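Here are my notes on this model. Please read them with the coordinates open.

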Amino acid sequence: MALTMSLSAHHAAGLPTASDGEFPIITVSHLTKVYRQVVRREGFTGALIDLFNRRYREVRAVDDISFTIARGEIVGYIGANGAGKSTTIKILTGILVPTSGKVVVNGLVPWRERFRHTRQIGVVFGQRTQLWWDLAVIEAFRLLKEIYRVPEREFRRRLDLFVEVLDIADLLHTQVRKLSLGQRMKCDLAASLLHNPPVVFLDEPTIGLDVAVKQRIRKFIRTVNAEEKTTVILTTHDLKDIEALCPRLIILDRGRILYDGSQAGLLERFGRYRRLFMELDLRALGIEGDPTSPEALDRVRKHLRELIESYQMRLRHRGGPIFSLSFDRTQISASEVLEAVLKSLPVHDLELREPDLEQIVRAIYERSSQDQQVIATPNRTRT
Ligand SMILES: Nc1ncnc2c1ncn2[C@@H]1O[C@H](COP(=O)(O)OP(=O)(O)O)[C@@H](O)[C@H]1O
Ligand SMILES: [Mg+2]
């Protein structure tokens, strides 16, 4: 029955079906969402004119995106503010109807079969709770159990697991309105998964939380994914979440997909820049005054001029006697840079830093806002 349903929904949506019988649990095809925003005129007269003659501007929040997600994946869905993450999540959860494009989640078209869809997904929006303010946590859980008709034994089993992993035993009899943000988020996560949905959407679940709570939440997501093969789509600003949880990343920028692939692949593709941190002997360099002055930087640069100019390196002052040199590892090896630096400068200490996810992603956001083409056709050359 369920299979027939999922097959027909899949066919009805005109999407390709896999021959081996393994469907992606989520298929998104040429999805677009255009919002119409009212453009307000200025001042009182403007407001009056607005009343009778509204002007609109179109915002393509999601612009022709396609991807599939397999059962059991944990996918990080990231992008700068306004990239279109929440819009995508709202469409996938059935809250919003897209302008065009196709979506099938576990055999259902979310906005068309919203009621049935709600039973097969879990949703957490970091900014607001889905629980009832006046109920104690356990009462809210019991209510959800009734709504989703979770059998008592199953409910017990999952509750025990969640209480342990999230460390919420002491909160069960507390009224939801009295919980702190972190406590509430843990309870929200538990609530969203009590009915054991095959897919869960988490939109900024760690926003505003302290490190300890974030770590709990990560552990919880990992546990549920491992135990139940739950598919997780996670949006977050904290790339530590992504680093810890998501082998696969989809990077969104102004409604379009900039990157869809493994975290390792991203590091490899964009992580060409290495930084060498150098602690210098300022006195030996003849730098007497303020080491942050442009003159001090110039003095250091003079010693490395050839290296910097031949390989387009970037020299920066990092505070005190510390300077950094960033270079492209496909142009010159770290050992060559080290050798040249040691020969040219009085060095106390050196540290070579690999680029991390945070840096790479930030650089991608920055570069994409200047020139989208650079990212859309990433440089694949590598040595
Ligand atoms: N209800 C709405 N009406 C009009 N524009 C919206 C609405 N919701 C979001 N937008 C716009 O769509 C774009 C994407 O927003 P959103 O999906 O919330 O991005 P993100 O979650 O990545 O920060 C933004 O430019 C935002 O201003
Ligand atoms: Mg958002």
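1. Basis. This is a predicted model, in which local features need pLDDT of at least 70, side-chain atom pairs count only at pLDDT 80 or more, and totals for chains, interfaces and linings use all residues. Residues are numbered from 1 along each chain as its sequence is written, chains are lettered from A and ligands numbered from 1 in the order in which they are written, and side-chain values use heavy atoms, with hydrogens and water left out.

2. The three-stranded sheet. Its strand order is S2-S1-S4; the sheet is open and the pairing antiparallel. Helices (H or I, at least four residues) and strands (E, at least two) are DSSP runs, numbered from the N terminus. Two strands count as paired if DSSP finds at least two bridges between them. S2 (55–69) and S4 (100–105) are the edge strands, each pairing on one side only. From one strand to the next, the twist averages 30°. Angles run from 0 to 180 degrees between N-to-C directions, with axes fitted to C-alpha atoms, for helices over the stretch in contact.

3. S1 with S2. Strand S1 (residues 26–39) pairs with S2 over 12 bridges, in the antiparallel sense. Gln-37 stands opposite Arg-57 of S2. Helix H3 (residues 85–92) lies across S1, S2 and S4 and runs at about 120° to S1.

4. The four-stranded sheet. This open sheet has the order S11-S12-S10-S13, again with antiparallel pairing. S11 (314–317) and S13 (347–353) form its edges, and each pairs on one side only. Neighbouring strands are turned by 20° against each other on average, direction ignored.

5. S10 with S13, and the helices. S10 (residues 273–280) and S13 share 6 bridges in the antiparallel sense. Arg-275 faces Arg-353 of S13 across the pairing. Helix H13 (residues 334–344) packs on the sheet and touches S10, S12 and S13 (contact: heavy atoms within 4.5 Å). The direction of H13 makes about 165° with that of S13. Helix H12 (residues 294–311) lies across S10, S11 and S12 (322–328), at about 160° to S11.

6. Thr-330. Where does Thr-330 lie? Thr-330 sits in the loop between S12 and H13. Thr-330 counts as buried because its relative accessibility is 17%; the cut-off for buried is under 20% relative accessible area, with a 1.4 Å probe and protein chains only. Its side chain makes polar contacts with the side chains of Arg-272 (3.5 Å) and Asp-328 (2.6 Å). A polar contact is a pair of N or O atoms within 3.5 Å; within protein, one must be able to donate a hydrogen and the other to accept it, and residues adjacent in sequence count only if both atoms are side-chain atoms.

Definitions and conventions. Buried < 20%, exposed > 50% of the residue type's maximum accessible area, 1.4 Å probe, protein only.
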